[in-house]
Amino acid sequence: AHQPRHVESRQRHSPALFRRLARAGGIVSYFYPRCVVLLQPVLRPEAAGSAQTLSIPVIPMSASFTSDEPSRADTAEIVIPFDSMPFDPRAIADMRVAVYMGDVEDPRVDLTSLNTGTARFVGFADTPAVDFTRSGSTVTIRARSYEGRLLDTRFSRPVLDAGGPLSALVKSIVTEIPFYADLPIDVQDDTPLATRISAKRWTPPERATVWDVIAALARATGQEAFFDRDRLVIREPLNASSERTRIVAQGYQIGEFSLETGFKPVFNKAIELTAHNARTGKPSKGRYPQDAALETLSFPVGGDLDDAALNRQAEALWKQYYRRVVEGRLETRAMKDAEGEDLCALRAGDALFVRSWSDSPGYVLGKSAAQLAAFMTGEQTPPGSAYSEGAQWVSRDDADKLSKAIVASDQVAPLFFVRRCTHTFDASGYRLSVTFENIVGATDG
C-alpha cells in the first residue's frame with residue numbers, strides 16, 4: 001500500500017534548484033542539466049514514524065542505462081553526491097528511479113519539467129549503496145525496469161481460465177505480486193484467449209516466471225508484451241519499435257565501429273521496404289521475393305525512392321543476407337542522428353541504418369570505389385614508402401570487383417536492429433554504445 005504510484009511526475013522544478021544541485025558536482029550545460037534523475041524513496045515506518053514516499057530530483061555525477069533484449073530487464077546505474085540525497089539504505093523500504101536525458105540545445109527538450117517525453121528509464125532500485133571514501137562520499141543506485149521483479153518471481157498456478165478478456169487475465173497474474181496492484185495495462189486486441197486456442201483453460205509453460213507467462217499469453221494471441229516505462233503494453237508486433245529508423249554514419253555520428261559475420265538457417269521471409277515519394281506525393285513500396293505466401297518483414301526507409309528502386313533494394317537485401325548474420329558494435333557521442341532525430345531515445349529492437357562508406361572524406365577511408373581500387377593495386381602508394389618495395393598488390397580486375405562490392409554492400413544492406421544499447425552520461429559527456437545485427441539474426445532466421 002505504500003509503494004510509489006505508477007505515474008510520471010509532471011512537477012516543474014525551478015532553474016534555481018538545478019543551479020543549486022549543479023554546485024554539488026552534477027552534470028550541467030548552460031545551468032541546465034542534460035541528465036536528471038528523479039528518486040522516489042519509500043521510507044520505512046519504523047525509521048520515519050510513518051510510511052512516506054518522497055520525490056527528489058537530483059543531478060547525477062554519472063548515470064547510465066541499458067536497453068536489453070525482451071527476455072531481460074533494462075538496467076540503470078546512478079552515482080550521486082551523498083549531500084544531494086543523504087540517506088541510510090537501512091531507512092529505505094523501496095525506491096522508484098526515473099532517468100531523464102536529452103540534448104538541451106534542442107528547443108524541444110526541457111529537463112526543468114520532468115515528463116514522459118524525456119524519461120529514458122523507469123524502474124526500481126534493487127541495491128542502493130552508500131560509499132564513504134577519503135575523496136568524497138557517494139550514493140550508488142542500481143535499478144531494473146519493471147520487468148525485473150516479474151522475472152524474479154516464479155509463476156505457481158498450473159492452469160488459467162482463458163474465458164475472459166486478455167487484459168483481465170493479465171491483471172489477475174501481475175496482481176499476485178502486490179507491488180503491481182495499480183499497474184496500468186494497455187491491450188490492443190483484448191479478445192479472450194479461449195477464442196484463439198479453442199479451449200476454456202490454458203496451461204502456462206513449466207517452471208516459468210511471471211514475465212514468461214505474460215509473454216507467452218501475448219504470443220498466443222499474436223501480440224507482444226513489453227513495458228513502456230511504467231505501463232505494460234500488449235500489442236501486435238511491429239518490425240521496428242520506433243516510429244522512425246535512425247541513421248548514423250562512420251566519421252560523423254559513429255566514433256568506434258566493428259562488424260562480424262556468422263551463419264543461420266535459410267532465411268524464408270519476404271522483405272518489404274516502404275518510403276514516401278516526394279515527387280509523386282504517394283507512398284512507394286518494394287518487395288522480394290514476390291511470393292505472397294511468405295511471411296513479410298516490412299521496414300520504413302528514407303529517401304525519395306520509387307517502387308522499382310525499392311524492389312531492387314529489397315532483392316539485394318534478401319540475396320545478400322538470406323543466410324548470413326551480420327553483427328556489429330558502434331559507439332558515438334552524438335545525441336542526434338544524421339537527420340537530427342533523438343539518439344537518447346534509442347532502445348533495443350529499434351531499426352538502425354548504419355552507413356560506413358561514402359565518397360565523402362568523413363567516412364571509412366573517404367575514397368570512391370575507383371580510389372580504393374587504385375590503393376589496392378599500389379597505383380597511389382608514394383614511392384619509397386614501407387609498402388612500395390616488393391609488395392604483392394591486388395590485380396586491377398580483382399581490385400575493381402572488390403572495391404565495387406564494398407561500396408555496394410553499404411548502399412544496399414545498411415539496415416540493422418539494435419540488440420542492446422547503453423546510454424551513459426558522466427563528467428566527460430554523453431556516450432552511446434550499441435550492439436546491433438541484421439534482420440536474419442534479429443528475427444531468428
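Visitor: How many helices and strands does the protein chain have?

Guide: This is a predicted model, and in it the protein chain has ten helices and 23 strands. Of its 445 residues, 45% count as buried, and the accessible surface comes to about 21,700 Å², of which 50% belongs to carbon and sulfur atoms.

Visitor: What about the contacts between residues at least 6 apart in sequence, how many of those join residues at least 24 apart?

Guide: Among those contacts in the protein chain, 69% join residues at least 24 apart.

Visitor: Where is Pro70, and is it buried or exposed?

Guide: Pro70 is in the loop between β4 (62-67) and β5 (75-81), and with a relative accessible area of 64% it is exposed.

Visitor: Let's go inside. Which residues touch the most other members of the largest nonpolar core?

Guide: That core has 41 residues, and those touching the most other members are Leu39, Met95, Val97, Val99 and Val434. Strand β6 (residues 92-101) gives the most to this core, with five residues. Apart from it lies another core, of 37 residues, among them Phe124, Leu166, Trp202 and Ala216.

Visitor: And what does Met95 touch?

Guide: Leaving out residues up to four places away in sequence, Met95 touches Leu39, Gln40, Pro41, Met85, Phe87, Gly123, Phe124, Ala125, Pro128 and Ile141. Phe124, one of the residues that Met95 touches, is among the members of the 37-residue core.

Visitor: Leu39 is on that list, so tell me about β1. How many of its residues are buried?

Guide: Nine of the nine residues of strand β1 (residues 35-43) are buried, so the strand is largely enclosed by the rest of the structure. Both of its faces are covered, with Cys35, Val37, Leu39, Pro41 and Leu43 buried on one side and Val36, Leu38, Gln40 and Val42 buried on the other.

Visitor: How many bridges join β1 to β6?

Guide: Nine bridges join β1 to β6, and the two strands run antiparallel, with Pro41 standing opposite Met95 in β6. Strand β1 is also joined by three bridges to strand β3 (residues 56-58), again antiparallel, where Leu39 has Ile56 as its bridge partner. With strand β2 (residues 52-53), β1 pairs in the antiparallel sense over two bridges, and there the bridge partner of Leu43 is Gln52.

Visitor: Changing topic, how many disulfides does a search of the whole structure find?

Guide: The search finds zero disulfides. For Cys35, the closest cysteine sulfur is in Cys344, at 9.0 Å, which is too far for a bond. Cys35 counts as buried at 0% relative accessibility, and Cys421 likewise counts as buried at 0%.

Visitor: Last, the helices. Which residues of α4 are buried?

Guide: In helix α4 (residues 166-174) the buried residues are Leu166, Leu169, Val170, Ile173 and Val174. Seen down the axis of α4, they fall within an arc of 130°, so they line one face of the helix. An α-helix has 3.6 residues a turn, so residues three or four places apart point the same way.

Visitor: What do those buried residues of α4 pack against?

Guide: They pack against β10 (160-161), β11 (185-187), α6 (210-220) and β14 (231-235).

Visitor: And α8, what follows it?

Guide: Helix α8 is followed by Gly378, whose phi is positive, near 85°. Within α8 (residues 369-377), the buried residues are Leu372, Ala373, Ala374, Met376 and Thr377.

Terms used:
Residues are numbered from 1 along each chain as its sequence is written. This is a predicted model: local features need pLDDT of at least 70, side-chain atom pairs count only at pLDDT 80 or more; totals for chains, interfaces and linings use all residues. Side-chain values use heavy atoms; hydrogens and water are left out. Buried means under 20% relative accessible area, exposed over 50%, partly exposed in between (1.4 Å probe, protein chains only). Helices (H or I, at least four residues) and strands (E, at least two) are DSSP runs, numbered from the N terminus. The arc is that of the directions from the helix axis to the C-beta atoms. Contact means heavy atoms within 4.5 Å. A nonpolar core is a set of buried Ala, Val, Leu, Ile, Met, Phe, Trp, Tyr and Cys residues joined through side-chain atoms within 4.5 Å. Accessible areas come from the Shrake-Rupley method with a 1.4 Å probe; for residues, only the protein chains shown count as cover. A disulfide is a pair of cysteine sulfur atoms within 2.5 Å. Two strands pair if DSSP finds at least two bridges between them.
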